[in-house]
Protein chains: 2
Amino acid sequence: MDWKVSECGFDAGRMTTNGNKYMIGNGYMGYRGVLEEYGKDQLAAVTLAGVYDRAGDKWREPVNAPNGLYTVISCDGEVLSVLETEPLAHTQSLDLRTAVHRRETMFDIRGGGRVTLTAERFVSMNQLHLLAARWTLHCTVDCRIGIMTGIDGAIWDINGPHLFEQQSSSAGGVLLSTAVTGELGQQVAVAELIAFGTAEQAKRVDAVIELDGGTALRHISIEAKAGETYTWCKYAAVFTGLDGEGDPEEDGPDERAVQTVQEAAATGYGGLLEAHRRKWAERWSRSDCVIEGDDEAQFALRFSMYQLLIIAPTLSEKVSIPARGLSGQVYKGAVFWDTEMFMLPFFLHSDPEIARNLMMYRIHTLDGARRKAEEYGYLGAFYAWESQDSGDDACTLFNVNDVFTGRPMRTYFRDKQIHISADVVHGLWQYVTFTGDDSILADGGAEVIWECARFFYSYAYYNPVKQRYELLDVTGPDEYHERVNNNAFTSAMVQETLKIALQTAERLQDKYPAVYNGLAESYADGPFLDEFTDMLAQLYVPQPDPNTLVIEQFGRYLQLEDVSLAELKARVIHPNEYFGGGNGLATTTGILKQADVVLMLYLFKGQFSKDVKRVNWEFYEPRTEHGSSLSACIYALVAADIGLPDWGYPYFMRTATVDLTGESKQYVGDLYIGGTHPAANGGAWMAVVLGFAGLQYDGESAILNPSLPQAWESVELPVVLRGGSFRLRISREEITVTAAEGNSEAVTFAGFGGEAELCPPGMQLRLRA
Amino acid sequence: MDWKVSECGFDAGRMTTNGNKYMIGNGYMGYRGVLEEYGKDQLAAVTLAGVYDRAGDKWREPVNAPNGLYTVISCDGEVLSVLETEPLAHTQSLDLRTAVHRRETMFDIRGGGRVTLTAERFVSMNQLHLLAARWTLHCTVDCRIGIMTGIDGAIWDINGPHLFEQQSSSAGGVLLSTAVTGELGQQVAVAELIAFGTAEQAKRVDAVIELDGGTALRHISIEAKAGETYTWCKYAAVFTGLDGEGDPEEDGPDERAVQTVQEAAATGYGGLLEAHRRKWAERWSRSDCVIEGDDEAQFALRFSMYQLLIIAPTLSEKVSIPARGLSGQVYKGAVFWDTEMFMLPFFLHSDPEIARNLMMYRIHTLDGARRKAEEYGYLGAFYAWESQDSGDDACTLFNVNDVFTGRPMRTYFRDKQIHISADVVHGLWQYVTFTGDDSILADGGAEVIWECARFFYSYAYYNPVKQRYELLDVTGPDEYHERVNNNAFTSAMVQETLKIALQTAERLQDKYPAVYNGLAESYADGPFLDEFTDMLAQLYVPQPDPNTLVIEQFGRYLQLEDVSLAELKARVIHPNEYFGGGNGLATTTGILKQADVVLMLYLFKGQFSKDVKRVNWEFYEPRTEHGSSLSACIYALVAADIGLPDWGYPYFMRTATVDLTGESKQYVGDLYIGGTHPAANGGAWMAVVLGFAGLQYDGESAILNPSLPQAWESVELPVVLRGGSFRLRISREEITVTAAEGNSEAVTFAGFGGEAELCPPGMQLRLRA
């Protein structure tokens, strides 16, 4: 089975999308899929997780570090770069299994002869600060090879500059580039070291060091011989002031960076790669999902999982996953609801520790959410629509420029997408349900849940005539319809939050009474459990119409103009016009940006009949524009749920290939909005495992209702439930569950609608259709 | 003192605005200030009050009748029309005292010599269906004069056509043009008759009749003699199927029209004019307000009162006054809040019977308001933002075209300006207060009041944290900020509605117990008085900030961008761009369309200190764009109230001259939006009498706190209070109150903050400063 993403030939038009497609990373940093000679104009970037900076009054965004792998080769003074010379042959590839990037390029050189370059690189999954690369160079004639390599201190920024006091130095063969961020004065240090393949080759090397601000370059000159192959390795390390935070004994980022490359060189490329590969093998062993019968789907799914694995915060519980992963600064490097709703399930099933980090991030940012609630006059916690390090909302009030007037357009993403607080609670409770680890509740989770419930209580209004609580003036997932009343999805999420808030109280009273009493005391003046109970009993959540079964997306949605998507698109007069906002084309029609009611049907699938799901799928599907990459996977999931996987299959493929095809929008005007789509990547996994394989775990039993697309024979994957490891193989006829020997408890499984059966440690269970 | 509006010389550029400025009318119909030779392209129109028609799916609008005064003169085959020939001299004038329009035009004719035409006309205030005109023609040489005159059946329509089956006929010297309206099939009939000045002249007349659809023309030929003057009169009558409605014995509109012109001819022009003048003298005797010391203000005020007198519904309690009066079809001929809030005060003080008609109109349209409330899911009565004959809302969801895209823009005038129901209640209670006539409550007024209160109860939401009712998602007078929460003006109006609803209950229980019991029974299931009491006690109405005294216009208004009006206007990139709507320039700033908080300070002046009024005047005044003609008068009123009449004077003059200068916007794109501005006219009167003269009647005492502009010596006017007539003369030093002999009761007056004193019938009271 193929694990390799690759393409032959160089196409300048694909530079930007390939930067995403061939990305490597390890959760500490992302390294875009650039070629070694690329600079900031080609969007080369080493994007650091959780390090943010604000320049002037521009958007706050992640910091990109200087590029320690920067290298430009020349031959007899002629630069051998795809940016300057058409290569004779070129291949770029990425091995998904090991997260190793490779390029091989062959150039004709003046006066005859050819030079072939190969460069392999990885961002170590074993030593998270480390980047390593191995080069080979082969020439068919004698020539003078120039290697300009070192640290490129010219940074691609969307709203920079972020690095100040950029300096570089060279000592003991190590280059060092240091800087401090503008807003918070965080140090950023990158060290680099180069080692030649053989002592013989090293001897023939002649190097000049050039230091210019944050850029430190070696100009190496080799008198190369025809037929000979030259090999060298580069090690780069990145540290910031945030690493080892709170430990004044610790060395500074610069010293640690230098030390890291020295140690790396001592270990050598082979050893580093081996350690890196072992880590990756371990990650895949916990997550790889095998689809039998559909190579294309298999490949797209693996690519999607790979994208999640390279950005997962393995090290820190203070960072989460931004909406564009670590592929750059797009969307301010901010964490959206994408993480809880579309990425968390993958980690919950495969690597609960990462899931815990993701949820701890929300606990650490509770104060930011409290500040936001207070700013708007509410109680409790109103989580940021775009969350960075502090949890204050990075989302601006004007997010889109009107293409007709060039004016910034007021949008209400920040103000009205209150479901974000419910999404956080949902994620937390999913974590508790899957892992059984309720210590997270005592560690701040309960406070998050209750503050969110308090926020909703203060946001809600009571309708005295209809005798119910309503959630007014909200924006649901369908952002083309802002400021609506009683959005079904939002109301259902708030209802869940209230239930969870009450369940949390029971759990804490039972298991952590001291924590409970402390918090309960702080809420003595309410609103607290009594108010939550009252609101839950009387909260209005739109239900299926008794005649049509359609659930109205929000109050008076059905009064909007009912046009087809084609008709709406025929009204477009500017290719980049935004369908939402004040006067957007969709706003007065029933056309949705993305799954909204249908997302609710997925999340609360147990509460709705198959008829209701099917009617609403069929009603909303033709009305959905899929203007968000979060939309398609939901249609796949619900299609599988209603037994129509082949309706869902195209939506799954659309989701799973979004970063492979590069067909998503890359620029709006001159603003780059491309990057990877981790929510879609997570959605692809969800479609396969939670949709087609039909796995559903409620904390007690794992239910499996397979609904496989036509071509699929089976789906096989490992899952972790309540800390125990299981291997599942799901086909149309049979489900096999194998419990690991080391599991501490039995878990019950039920398949094909049958009775639940216990699967004790070390046992295998077969469930037949 | 001058009562004449006039101008010399013909300026084609002023044709449209002069159509408004020189308008005549009698409440049954309006006749634009056109010249006799004008047709539909010059916006000639005979606009009928209360007759509406809808063509296709276009806006419903008033019906214009064929023009029975249409006349084109020619001399030796050359047309003598300002539209074709530059006149040698031309004067157009309007006598405000008698509502008689006059034009005099002199033409050079080919081959030397001159012809002078004069035409005088009036719309009879004595016989409301009748139009009459008197012509003279004088020539300095012998020539052949052609008079093409009759009924012009070509109608100026904005969203027509409205007249179908147009036919004309001639019998017994009377021309008749008939038609039926498209939507409701109402008959419209216009008859015309011409009579020459002397039998001698009549003999020399040679006439050919031309009938073409609804157009009926006489081609009259006169062999005119040098130095002789020719005189003729024209009588035209207009009837519709709505006249004499419900009386099947009554003749049809065509027969009545014919009969009316025949009777008119028998009476003769002089007699008709005399009867008309007597009616006007009587109207003026009840309303004329004299300003001593400021001729300019006096003239503008009289013009304003004139405009109200020509459109007041003297005949019917089923029509009210549209926002553009009877000056055409602009704004769909619809009745807005303008009537209750800006015009009613004039009629309450001068002609309470007309005030009763205006309020009965709202009682007759209650069912339409009920239908609107039900359409939106509310209880009670939600009055139409744009009300026509049935009370259903004529306001469309898309009211403005976006100048940048040409697309219709969604506005929320119809959906969210809920204050309209409170404005109606306010008007009704003002009527009861001023007249003491509470029979109107028993005649349907109580039901209107309670249904409006029930509407508000169902519209309101209870905030459980803040423990108060709030009015969410409303639009106040400042339409640049749609869909806001807790608009201070709206909340204060709703508060007043609830108070009135409870007072109405007391009044009815006391005086009309049977009516009370009947209605109360129908509201047995509530919401009714208990709920009103509860809501009144807990309704949130924004109050002055304790530190700044500023009353926030609505929730989070103060968070909007605080720009100056000049700065905002500097951002304009298209001259006709709308400041409100989805993306309008003002929407995200603090710039207001019109007085909003300041209007509240006027209406509830007793509830706010002078400091609060002054602070808010000064705060909001520079932020007000005055995009509505309803704005300026309110700033004048509050300036007078805080003792700063000279701050208010320019606002008064702006209000009072709006239709004299013609400076208001006439076209948006190719859509005519001009016409008269009766709300501004009413506002001008309010500024003088309720502002500068400082009259305030609360149902018990009339308080007079003069606040006269610098140049003004005194203001003198008649008023009717509780059915009694009083003449007031207000100067800085002294107020004289003279009670008519025939008054049935004494009324107390208080001036200059002094004690109230009784003014019994036939007595004069002097109050000194």
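Me: What makes two residues count as being in contact?
Reply: Two residues are in contact if their C-beta atoms, placed from the backbone, lie within 7 Å. By that rule, the contact takes 22 residues from chain B and 22 residues from chain A. This is a predicted model, in which local features need pLDDT of at least 70, side-chain atom pairs count only at pLDDT 80 or more, and totals for chains, interfaces and linings use all residues. Residues are numbered from 1 along each chain as its sequence is written, and chains are lettered from A in the order in which they are written.

Me: Which element supplies the largest share of the side of chain B that touches chain A?
Reply: Helices (H or I, at least four residues) and strands (E, at least two) are DSSP runs, numbered from the N terminus. On the side of chain B that touches chain A, β21 (408-410), α11 (439-459) and β22 (461-463) of chain B each give at least two residues. The largest share, three residues, comes from β22(B).

Me: How are the residues on the side of chain B that touches chain A divided by class?
Reply: Ala, Val, Leu, Ile, Met, Phe, Trp, Tyr, Cys and Pro count as nonpolar, Asp, Glu, Lys and Arg as charged, and the others, Gly among them, as polar. That side therefore divides into eleven nonpolar, seven polar and four charged residues.

Me: What are the domains of chain A, and how far apart are the centres of domain 2 and domain 3?
Reply: Domain bounds come from an automatic or database domain assignment. For chain A this gives domain 1 (4-285), domain 2 (346-542 + 554-591) and domain 3 (714-768). Taken over C-alpha atoms, the centres of domain 2 and domain 3 of chain A are separated by 34 Å. Their contact takes six residues from domain 2 of chain A and five residues from domain 3 of chain A.
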